[in-house]
Amino acid sequence: DSEGTDVDLHFRHPNGQRWNQSPYDCYFANPNPDWGPTGALSNPSLDIDDVNGAGPENINLNNPEYTDQTTIPGPYLVGVHYYSPGGLFTSDYGYSDATIRIYLGGVLADTYTRRLNIRGNFWEVAGVIWTANDQRAQGIDRFYDSPPW
């Protein structure tokens, strides 16, 4: 469709203190952040930013740093913001069901689903653990009525 709800995917580096803040939150306003000295492969990219409700949005990080507390104070965080419930021609489509799929090394690690009811809802979905011996998604499921920034 040409319009619909706008739900935004966020991916936050462990060094990030807040959502929606550059450089450590990758999202529509910061789609290609520079996350440090390990090179371009260690930087995420928002490859798909869907604004019309049809989805999906997609963020990739090809070479994550270890989240073992000695390299970075892990984990990476995944969040979702209900940015807008309406399109160009209507004021409010109502709730939106967000489904988050986290892939690690190209393999589906976990799937999470939650209903976002109104503009401004924010869902902190999961953490991503990445060490030499442990790569996994860990559910957080923290919900905010309004954005935590």
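Is Arg142 buried, exposed or partly exposed? Arg142 counts as partly exposed, at 43% relative accessibility. Keep that residue in mind, as we will come back to it after a look at the whole protein.

## The overall fold

Welcome to this structure, which is a predicted model.

Taken along the principal axes, the C-alpha atoms fill a box of roughly 50 × 30 × 25 Å. Among contacts between residues at least 6 apart in sequence, 52% join residues at least 24 apart.

## Surface and charge

Of the 149 residues, 44% count as buried. The protein exposes about 8000 Å², and carbon and sulfur atoms supply 47% of that area.

Charged side chains are also part of the picture: there are 8 positive and 19 negative ones. The centres of these two sets lie 8 Å apart.

## Salt bridges between strands

Side chains of opposite charge can pair when their charged atoms come close. The structure holds 4 salt bridges. One of them joins Asp141 and Arg114, whose closest N and O atoms are 2.8 Å apart. Asp141 lies in strand β9 (residues 135-144) and Arg114 in strand β7 (residues 107-116), so this pair ties together parts that are 27 residues apart in sequence.

Now back to Arg142. Its salt-bridge partner is Glu124, and the closest N and O atoms of the two are 2.8 Å apart. Arg142 lies in strand β9 and Glu124 in strand β8 (residues 122-130), so the pair ties together parts that are 18 residues apart in sequence. While Arg142 is partly exposed, Glu124 is buried, with a relative accessible area of 6%. That value falls under the 20% that marks a buried residue.

## A pair close in number

Another salt bridge brings together the side chains of Arg136 and Asp134, with an N to O distance of 2.8 Å. Arg136 counts as partly exposed at 35% relative accessibility, and Asp134 is partly exposed too, with a relative accessible area of 24%.

Methods:
Residues are numbered from 1 along each chain as its sequence is written. This is a predicted model: local features need pLDDT of at least 70, side-chain atom pairs count only at pLDDT 80 or more; totals for chains, interfaces and linings use all residues. Side-chain values use heavy atoms; hydrogens and water are left out. Helices (H or I, at least four residues) and strands (E, at least two) are DSSP runs, numbered from the N terminus. Buried means under 20% relative accessible area, exposed over 50%, partly exposed in between (1.4 Å probe, protein chains only). Contact means heavy atoms within 4.5 Å. Accessible areas come from the Shrake-Rupley method with a 1.4 Å probe; for residues, only the protein chains shown count as cover. Lys and Arg count as positive and Asp and Glu as negative; His and the chain ends are not counted. The place of a charge is taken as NZ of Lys, CZ of Arg, CG of Asp or CD of Glu.
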